[in-house]
Amino acid sequence: LPLLLEATLLRLGSGSHHPFYNGFYYNHIMNDKGDGQEKVDYINGARLIVETPKDPVYSSNGANVTLPCHYRYEPDMEAKHKIRIKWSKLRDDYTKEQDVLVAIGKTSVAFGDFQGRAHLRQAGRREASLVVSDVRLQDDGKYRCEVIDGLEDESDVVDLRLQGIVFPYQPPRGQYRLNFHEAERVCQEQGAILATFNQLFQAWSEGLDWCNAGWLADGTVQYPIHVPRKPCGGVHLAPGIRSYGPRHRHLHRFDAFCFTSALRGEVFYLDHPAGMTLEEAKQSCQDMGAEIARVGQLYSAWKFLGLDRCNAGWLADGSVRYPIAKPRANCGPAEPGVRSFGFPSKGRFGVFCYKER
């Protein structure tokens with residue numbers, strides 16, 4: 001038995017399987033248990049420490065952002081091997097979602113959607129900060145900075161949050177008509193993505209109250225309630241996020257909660273004395289060198305640019321809406337918001353256009 005055990009250990013130690021390869025080898029050793037709690041390694045009396053900000057780093061769509069990361073040794077010493085740095089994007093449960101970048105010395109490789117947008121900033125000694133240019137809505141989330149010195153492997157996590165807005169969406173066909181994949185698509189068509197739970201929670205903390213259940217990015221179905229009432233889970237439940245939990249992504253149908261961020265352009269309103277049909281509205285925007293605005297663009301202009309217009313206008317999905325930043329008589333409810341006339345099959349209205357800067 002000892003000989004068999006020794007042979008097994010030798011076979012395991014000999015590397016009978018290759019490590020992950022993407023241009024060069026690196027150790028895929030994680031020090032955490034999946035709960036975000038890091039452990040510290042002491043090897044030969046030295047302690048490798050990786051540090052990132054404890055507070056979230058905020059950015060917006062189209063901006064450039066730096067995710068700070070530094071490492072050091074206690075007591076101070078020089079690295080025993082060529083340092084390898086790995087950045088990964090994580091799910092909310094701290095499991096890996098995708099590789100972002102791997103670097104050895106001055107050589108680095110970015111992966112997937114981060115190709116051409118991600119690189120290391122190593123301006124200072126023992127710096128491993130990640131720079132992401134042209135930030136996209138999908139970039140929101142947690143990132144792990146991992147530093148590898150031979151067999152020593154330490155990491156820490158930084159949270160990138162996009163300043164944005166969550167809005168509920170249902171298609172022209174009516175309430176609860178979208179499976180998960182259709183919900184993903186309609187959000188993208190409106191210049192947005194499916195919201196995460198953290199984004200929905202932030203929207204709820206800012207006052208979002210919506211009694212229709214909608215898909216989130218993790219495949220769960222939830223809705224935010226500030227004023228408990230009978231149709232929304234009952235009057236005796238406390239305010240909060242109501243959850244239906246995970247649902248079948250093909251069979252079950254709900255609305256969607258979409259997330260969008262700040263605009264790279266502007267939304268403006270066009271009118272005509274006699275109003276316009278939807279097709280005339282689209283053409284009017286094109287005549288101005290613009291395009292008819294999407295729902296997400298209207299919400300973003302209302303949230304971040306204070307767009308306030310008490311005139312209804314067409315949007316790209318065939319809905320008619322108008323944004324109110326300063327509530328007043330004859331402009332709907334007493335709270336700010338984006339008002340909706342639904343999806344009229346006929347009628348003549350103004351139009352909201354969007355133009356890139």
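User: Does C258 count as buried or exposed, going by its relative accessibility?

Analyst: The model is a predicted one, and its values are computed from the atoms. Buried means under 20% relative accessible area. Because the relative accessibility of C258 is 0%, this cysteine counts as buried.

User: Which residue does C258 join in a disulfide?

Analyst: A disulfide is a covalent bond between the sulfur atoms of two cysteines. For C258, which lies in strand β18 (residues 255-261), the partner sits in helix α2 (residues 180-189), 71 residues apart, and the pair thus links distant parts of the chain. With an S to S distance of 2.0 Å, the residue joined to C258 is C187.

User: Is C211 buried, partly exposed or exposed?

Analyst: C211 is joined to C232 by a disulfide with an S to S distance of 1.8 Å, and the link has -120° about the S-S bond, left-handed. The two cysteines are 21 residues apart, C211 being in the loop between α3 (197-205) and β15 (214-215) and C232 in the loop between β16 (220-225) and β17 (240-246). C232, at 2% relative accessibility, counts as buried. C211 has a relative accessible area of 22%, and is therefore partly exposed.

User: What is the relative accessible area of C331?

Analyst: C331 is joined to C310 by a disulfide, S to S 2.0 Å, and this link is left-handed, with -120° about the S-S bond. C310 is partly exposed, with a relative accessible area of 28%. C331, by contrast, is buried, and its relative accessible area is 3%.

User: What pattern do the disulfides of the protein follow?

Analyst: The count comes to five disulfides. With bonded cysteines counted along the chain, the pattern is 1-2, 3-6, 4-5, 7-10, 8-9.

User: How many of the 11 residues of helix α5 are buried?

Analyst: Helix α5 covers residues 295-305, and its buried residues are V295, G296, Q297, L298, Y299, S300, A301 and W302. The helix is followed by G306, whose phi is positive, near 70°. Helix α5 is largely enclosed by the rest of the structure, because the number of its 11 residues that are buried is eight.

Conventions: Residues numbered from 1 in each chain as written. Predicted model: local features only at pLDDT ≥ 70, side-chain atom pairs only at ≥ 80, totals over all residues. Heavy atoms only, no water. Buried < 20%, exposed > 50% of the residue type's maximum accessible area, 1.4 Å probe, protein only. Helix = DSSP H or I, 4+ residues; strand = E, 2+ residues; numbered from the N terminus. Disulfide = S-S within 2.5 Å.
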